[in-house]
Amino acid sequence: GLRVVVVRHPMPYGDLERQRVQRFATYEDLALHRTTIEEREEYEPHLDAGRVVYAGVDYAQILRAAEAEADVVLWDGGNNDLPFYRPDLFIVVIDPLRPGDELRYHPGEANLRSADVVVVNKIDSATSEGLDEVRRDIAALNPGAAVVEARSELRLEGGEIAGRRVAVVEDGPTLTHGGMTYGAGVVAARRFGAAELVDPRPYAVGALAATLARYPDLEPLVPAMGYGDGQVSELAATLDAMPVDLVLSATPIDLGRLLRLRHPVVRVRYELVQAAGPTLASLLEPVVALARSAPEAAPSAPLAGAGG
């Protein structure tokens, strides 16, 4: 099969000279580079799938290193940049739980206008009004794009939650500067019958308490804040103090690997399941063909995806 290597947009915090080129192939590499929880949330799913991830500061040097071990380079741009490399296929994701954001932000709107493929996800939890709005915006801004619609299929890993009191941990940036008031953990808690989502505010400490105070509209949840050892410790202290049966973790990281918690941890995992439109596999076929036909010494064909 083809070797796919991921290049993630800049995420390091710290000594940027030492972090010019970062390569992640194992969990040990995450510790070696002293990654924050926010970085782990982006890198761990790729590592779990067996993909090498590059990130850092010097993106010319990063591309040269990635190309040396890749047939296809997958640019993983998060939600706040344009691709640094010219893509052969440009995939953009739109969230119908935040309809209209695709027009309100730069470079989100520019990415939508540039996309070859637009993925509308979460169709199972969005309203019909939200779905109609994003469909109209795609048709108005980029009528030539291929549109794929999909749901986020939730499953629990590590135990059952029905009838239990839970502390819900969510992906941090989505809930703070991402503009959402809940995430997959809250959806899963209600869908799978948790007895109560315990409010963390009376138990939160330090920077985490300040974050919850700054975002009063959040559902009863704990954003996974973890910029440095101090915030990681505050996250653990807050969860340990909560009167719950278990921690329901919907952050993409393995919390149990990072924190020693007194409560058991059940993870919420979610996978994209296509519901309408052409298959992503068929849309990727030209890129796969390009990579297979490339001479061994030639640079690999970049493939870019940018969140929306």
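Helices here are DSSP runs of H or I with at least four residues, numbered from the N terminus. The model is predicted.

1. Glu39 sits in helix α2, which spans residues 37–48. Glu39 is buried but takes part in no salt bridge. The nearest side chain of opposite charge belongs to Arg40, and it is 7.9 Å away. Beyond its neighbours within four places in sequence, Glu39 is in contact with Met11, Pro12, Tyr13, Gln22 and Arg34.

2. Arg34, one of the contacts of Glu39, lies in the loop between α1 (27–32) and α2. Its relative accessibility is 62%, so Arg34 counts as exposed. The phi of Arg34 is near 50 degrees, a positive value in a residue other than glycine. Lys122 likewise is not a glycine and has a positive phi, of about 60 degrees. Lys122 is placed in the loop between β6 (117–120) and α6 (128–141). Most residues other than glycine have a negative phi.

3. The peptide bond from His106 to Pro107 is cis, with omega near 5 degrees. Pro107 belongs to the loop between α4 (101–104) and α5 (108–114). For reference, most peptide bonds are trans.

4. Is Gln19 buried or exposed? Its relative accessibility is 9%, so Gln19 counts as buried. Gln19 lies in the loop between β1 (4–8) and β2 (21–24). Setting aside residues up to four places away in sequence, Gln19 touches Pro12, Tyr13, Gly14, His33, Gly56 and Val57. Pro12 and Tyr13 are also among the contacts of Glu39. Between Gln19 and Ala294 there are 31 Å from C-alpha to C-alpha, and the two are 275 residues apart in sequence.

5. The structure holds 25 salt bridges. In one of them, Asp95 pairs with Arg98, with the closest N and O atoms 3.0 Å apart; Asp95 and Arg98 are both buried. In another, Arg104 meets Asp101 at 2.8 Å, N to O. Arg104 and Asp101 are both in helix α4, 3 residues apart, which is about one turn of the helix. Arg104 counts as exposed because its relative accessibility is 54%, while Asp101 counts as partly exposed at 22%.

6. Arg190 and Glu219 also form a salt bridge, at 3.0 Å from N to O. This pair links distant parts of the chain, 29 residues apart: Arg190 is in helix α8 (residues 184–191), and Glu219 is in the loop between α9 and β10 (222–223). Arg190 is exposed, with a relative accessible area of 51%, and Glu219 counts as partly exposed at 24% relative accessibility. Elsewhere, salt bridges that share partners join Asp48, Arg155, Glu157 and Arg269 into one network.

7. How do helices α9 and α10 cross, and at roughly what angle? The axes of α9 (residues 206–214) and α10 (residues 229–241) come within 7 Å and cross at roughly 75 degrees. That makes α9 roughly perpendicular to α10. Gly206, Ala207 and Leu208 of α9 make the contact with Gln231, Glu234, Leu235 and Thr238 of α10. By class, this contact has 3 nonpolar, 3 polar and 1 charged residues.

Notes:
Residues numbered from 1 in each chain as written. Predicted model: local features only at pLDDT ≥ 70, side-chain atom pairs only at ≥ 80, totals over all residues. Heavy atoms only, no water. Axes fitted to C-alpha atoms, helices over the stretch in contact; angles between N-to-C directions. Helix = DSSP H or I, 4+ residues; strand = E, 2+ residues; numbered from the N terminus. Parallel < 35°, antiparallel > 145°, perpendicular 65-115°, else oblique. Contact = heavy atoms within 4.5 Å. Nonpolar A, V, L, I, M, F, W, Y, C, P; charged D, E, K, R; others polar. Buried < 20%, exposed > 50% of the residue type's maximum accessible area, 1.4 Å probe, protein only. Lys, Arg positive; Asp, Glu negative; His and termini not counted. Salt bridge = Lys/Arg side-chain N within 4 Å of Asp/Glu carboxyl O.
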